[in-house]
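Hi everyone, thanks for making time.

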Amino acid sequence: MNKQTYEKIKSMTISHEEFMVKSLQDNESQRLWLETSFEEFAKDGNMDSFIRALYYVIKARGHGAITKMAKDLKLNRSNLSEILNGKND
């Protein structure tokens with residue numbers, strides 16, 4: 001594949017993150033996504049996967065969502081941000 005073809009294909013696609021954000025624009029989609037992700041976590045214990053699901057929901061909710069989520073969860077905003085960015089050691 002030449003560079004021109006690659007660039008054309010790339011310009012017609014979106015990233016996985018963009019796809020997820022677009023797919024999670026309404027509350028019902030967000031609820032179902034988190035519910036399914038939590039069920040998977042309960043089966044396999046993969047916390048990183050569940051945190052990534054939560055990240056996409058917060059990203060889809062837009063500006064101020066992380067602050068609101070942190071407040072709802074009674075967490076410090078910076079702690080939630082660190083968890084979502086993989087710094088949960």
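Predicted model: local features only at pLDDT ≥ 70, side-chain atom pairs only at ≥ 80, totals over all residues.

Now take Ser15, which sits in the loop between H1 and H2. Its relative accessibility is 34%, so Ser15 counts as partly exposed. Ser15 and Asp72 are 57 residues apart in sequence, and from C-alpha to C-alpha they are 29 Å apart in space.

How confident is the predictor? The average pLDDT for the protein is 90, and 98% of the residues score at least 70. Going element by element, helix H1, residues 3–11, has the lowest mean pLDDT at 85, while H3 has the highest at 95.

Okay, on to how the helices pack. In general, you describe two packed helices by the angle between their axes and the distance between those axes. Here we've got H2, residues 16–23, against H4, residues 47–61: the angle is about 65° and the axes are 8 Å apart. That angle makes H2 roughly perpendicular to H4, because 65 to 115 degrees is the range that counts as perpendicular. The crossing of H2 and H4 is right-handed, by the way.

So which residues meet there? From H2 you have His16, Glu17, Met20 and Val21, and from H4 they meet Tyr55, Tyr56, Lys59 and Ala60. Sorted by class, that contact of H2 with H4 has five nonpolar residues, one polar and two charged.

Next, follow the chain out of H2. Leu24 is in the loop between H2 and helix H3, which covers 27–44. Is Leu24 buried or exposed? Its relative accessible area is 4%, so Leu24 is buried. What does Leu24 touch? Leaving aside neighbours within four places in sequence, Leu24 is in contact with Ser29, Gln30, Trp33, Tyr56, Val57 and Ala60. Remember Tyr56 and Ala60? They're also among the H4 residues that meet H2. And the C-alpha atoms of Leu24 and Arg61 are separated by 8.2 Å, with the two residues 37 apart along the chain.

Not counting residues up to four places away in sequence, Ser37 touches Phe50 and Ala53.

Key:
Residues numbered from 1 in each chain as written. Heavy atoms only, no water. Axes fitted to C-alpha atoms, helices over the stretch in contact; angles between N-to-C directions. Helix = DSSP H or I, 4+ residues; strand = E, 2+ residues; numbered from the N terminus. Parallel < 35°, antiparallel > 145°, perpendicular 65-115°, else oblique. Left-handed = near helix turned anticlockwise from the far one by under 90°. Contact = heavy atoms within 4.5 Å. Nonpolar A, V, L, I, M, F, W, Y, C, P; charged D, E, K, R; others polar. Buried < 20%, exposed > 50% of the residue type's maximum accessible area, 1.4 Å probe, protein only. pLDDT = per-residue confidence, 0-100.
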